[in-house]
Structure formats: structure tokens, C-alpha cells
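I opened the model to look up a few contacts, a sheet and a helix. My entries follow.

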Amino acid sequence: MHSNAYTLGFVFVVTAILGSILSFTKINVRDLQDYNLKADVKKNILRSLSFEEDVENPWTNDLVETIFSENVQAFCVDKLGNKIDCVLEDVDIEKNQSQLPVYIKVVDGDIAGIALPVAGKGLWSTIYGYIALEPDTDTVLGIQFYKHGETPGLGGEVEKSWFINNFKGKKIRDIQEEIIGIEVVKGKVNLENSKSIHQVDGISGATVTGRGVSIFIAEDLKRYEEYLNKVRTSGTI
Amino acid sequence: MELFNSESKKIISDPINVNNPISLQVLGICSALAVTIRVDQAIIMSLAVIFVLSSSNVILSVIRNFIPNRVRIVIMLSVIASLVSVVDQLLQAYMYDMSKQLSVFVGLIITNCIVMGRAEAFALKHGPSKAFLDGIGNGLGYGMIIIIVSFFRELFGSGTITLPNGGAGYVLFSIPESWYAAGYENIGLLVLSPGAFIILGLVIWFQRELIGIEEEA
């Protein structure tokens, strides 16, 4: 039997060594991890703006940076739709209501798509994503969900292509041109219903997640109402 | 050098074959169910487990005579947890897409009964070189089963075979569109956990039948 002092000393030494190894590893890879995270966010913005990944030439972090900087203009607007200064990477879309990030896909000087961050509660977690609109600020160009903690196979299906492809071509404005968002229905969309242009098929077994998605898409899009109206009337950024 | 004499060979081959941690001892099942949706995930997970298992075995074996008996579980756990955290950090840095897919299951290698089990049952009683071989053997035994399970789950569940390539995965094979047009359908059940249970059950049955082991009633 070892003495108490020996036991304590041993545990202390082992902990110190293991702790140093861990911090050494973290310090060495932190920059790379941050870069990965930023590239991943950009990758999702590009996907929502319907940039296609080339199978022969997959998106590396550097390639994503290049495509992003060449084709996308990123800036913030305020609630009244005026451009304002901000550090995009530091904007928390959940908490910050005064700085609203906008990502515009520009092709030959014209707006080809507008990606806006959306985030909100699902069943277990906050779901983060980007919704992209066509220049008419009404039709959905694409949507991506990139971070969530929903149940795999149920609510986790929000990130799957069968779910997000349903959003393409749907309209976020009603007849009065008010922004109403997209509703995730329970079950299948009834195509004979006049509202079906604003609706997508739900995920079976994930009603609460679907309801959450409908609510936060509508709420988050409304924050951009003034800006989207400006783009709609002027046709410029 | 005693490496690769008959005893060493037995240390490596037993856990792959007659004493497989998954199919014979039925350990490490949770991660075997979780990361076997795609072959590339299973391969990376196997490599991570082989690394953690062999290094934790070696480290613990080297310090085995100094570990106070009363705190040995705590020491084993901290060594294993540190190794797993290092693997997790490296994956996040160098294989970001893969680390997103494996998500919490890399961290959960800590609670994989195989790792603790081998540390307690083998590493604390044997020298470093044998402990290393034991770690490799058990890691291979684990990896072999989850790669087999993932092969069937991905092929029949998603209709593809994906290999790891540092990015989102290289699709080695996918069932041609013409098959789908002709009425072929993927078995959705296999993508979900119950599907993994069924495949794993079949693998366990097959391997036990092959070895000829019968459970005592």
C-alpha cells in the first residue's frame, strides 16, 4: 500500500503531464481549427446560393475562400435596411438585432442571389442555417442548415438534401407582398391548396423541429424586410 | 526480440478471431452502432480506436508499477481521456468534415469498454511490448467488425461505398441510376440504429458459428 503523500504526488504529476500534452496540442492546432470553422460557414453560404461543388475538384478550404471572395459580397445592414460597418465573423445572429449580415452572390455586376442567416430553436437545440433568395426577394434559391443538435434520423433530417431541396422555388411573400416565410407542414404538402407555394413537406417524427424551423425562418426574414424591399424596388445592392 | 513469436501472434490474432471484443465479448457496442452508417466513418473511427487503445496500453504498462492501486481507475481514465481529446483535436484540425460526422462519438471512445477493459485486464499486468500488441489486436478486432457492419449498412442502406479522403469522402462505388429506375430501392431501415443491430447480430452469429463457440446455458 502506498502512502497518501505518494498517491497525491503521483496523481499530481500525471495530471500535470497530461494537461501539458493537451494544451500543447490545442495551441498547435487552434489556428487550423478556426480556419476550418470559418471555411465551413462560407461553404454553407455558397451551397445556399446554389454554387455547385465539382466532384473532380472538391471544395478545399482555400478553394472555398477563393470562390467566396470572387463571387460573394458580404456586409451588414441595420433594421432600416441601411448598410453599416461590422466585423462579420463576430456578429451573433441569435442575439444581435442591430447588425444583420447579408451575403450577395454577384454575377457580371448583377445580383444573382441573397443569402441571409437564420437560426432558432428546434426541439433540442438551436438550428443554424442560411436561406438564399432570388433577386425578386420572394423566391427561395436554396437553404442550408449547418449546425444543430436534433435527433439523427428524425429532426436531424433538416440538413438532408431531400428536405432542403423542397424549399427551392417556394415563395416567402404572400399576395399582399408581406413576408410570411415558409411553413413546414405536418406530413405532405397538399398541392391543391393555394398556400402550397409557401409550404414544404414535413419530417415524420419531427413535428416540433418543423414547427421551430417555420417560426424562425419567418421571424428572421422579417428582420430584413426593409432591406429586402429596397433591393426589390431598386434592383441594386 | 520477442516480437512475432507464437505468443505475440496469439496476442494479436486472438482478439481479431476467437476473442473478438465486439462479437465475442460484446463490448463497445454503442459506438459500433453509431459510426457504421458509412464505411469512411467506420475506417476513421477504427484508426482512432487503434491509436488510443495501443498508446493507452503502452503508457499504462510502462507506469504500471508506480500506479497506486487505490487510484488506478482514475489514472487509467485520465490517460485514456487525454489521448482521446488529442485525437479529437487533431481530427477537427486535419479532417474537419469527418470530425463533424463522427461528432460526439470520437469523445465517447473514452467510455468504450474495450479501452478501459484492456487497460485493466492486460496492460497493468504485462510489459509494454505485449501491451502494445494487445492494443493493436483489440483495435483491429473492433475495426474489422465495424467496417464489415458499415459495408453492409452503407451498400444496402444508402447504395454507396465511401472511402475517407480528408474531405467529404470519396465515393468508390454507387448503385447505378438505372437500377433505381428499374425499381430497386435502398433499405431505409439499415441507416437507422435498428438496422445496425440486425447486421451486427448477423455478424456475431456468423463469426461464432465459424469459430464454433457455444454459449453455456
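I began with the contact between the chains: 19 residues come from chain B and 19 residues from chain A. I took two residues as in contact if their C-beta atoms, placed from the backbone, lie within 7 Å. Helix α4 (residues 72-94) of chain B gives the largest share of the side of chain B that touches chain A, 11 residues. Helices (H or I, at least four residues) and strands (E, at least two) are DSSP runs, numbered from the N terminus.

I noted the conventions. This is a predicted model, where local features need pLDDT of at least 70, side-chain atom pairs count only at pLDDT 80 or more, and totals for chains, interfaces and linings use all residues. Residues are numbered from 1 along each chain as its sequence is written, while chains are lettered from A and ligands numbered from 1 in the order in which they are written.

Next, the sheet of chain A. I found 6 strands in an open sheet, ordered β2-β1-β3-β4-β5-β6, with antiparallel pairing. Two strands pair if DSSP finds at least two bridges between them. The edge strands of chain A are β2 (83-84) and β6 (140-147), and each pairs on one side only. I looked at β3 (residues 100-107) and β4 (residues 110-121) of chain A, which 5 bridges join. Val106(A) has Ile111(A) in β4(A) as its bridge partner.

Last, α7 (residues 113-123) of chain B. Its buried residues (20 or more other C-beta atoms within 10 Å of their own, C-beta atoms being placed from the backbone) are Ile114(B), Val115(B), Arg118(B), Ala119(B), Phe122(B) and Ala123(B). They lie on the same side of α7(B) because they cover an arc of only 130° around the axis, taken from the directions from the helix axis to the C-beta atoms. I saw the buried residues of α7(B) pack against α3 (39-62), α4 and α8 (128-158) of chain B.

Note on methods:
Buried ≥ 20, exposed ≤ 12 C-beta atoms within 10 Å, placed from the backbone.
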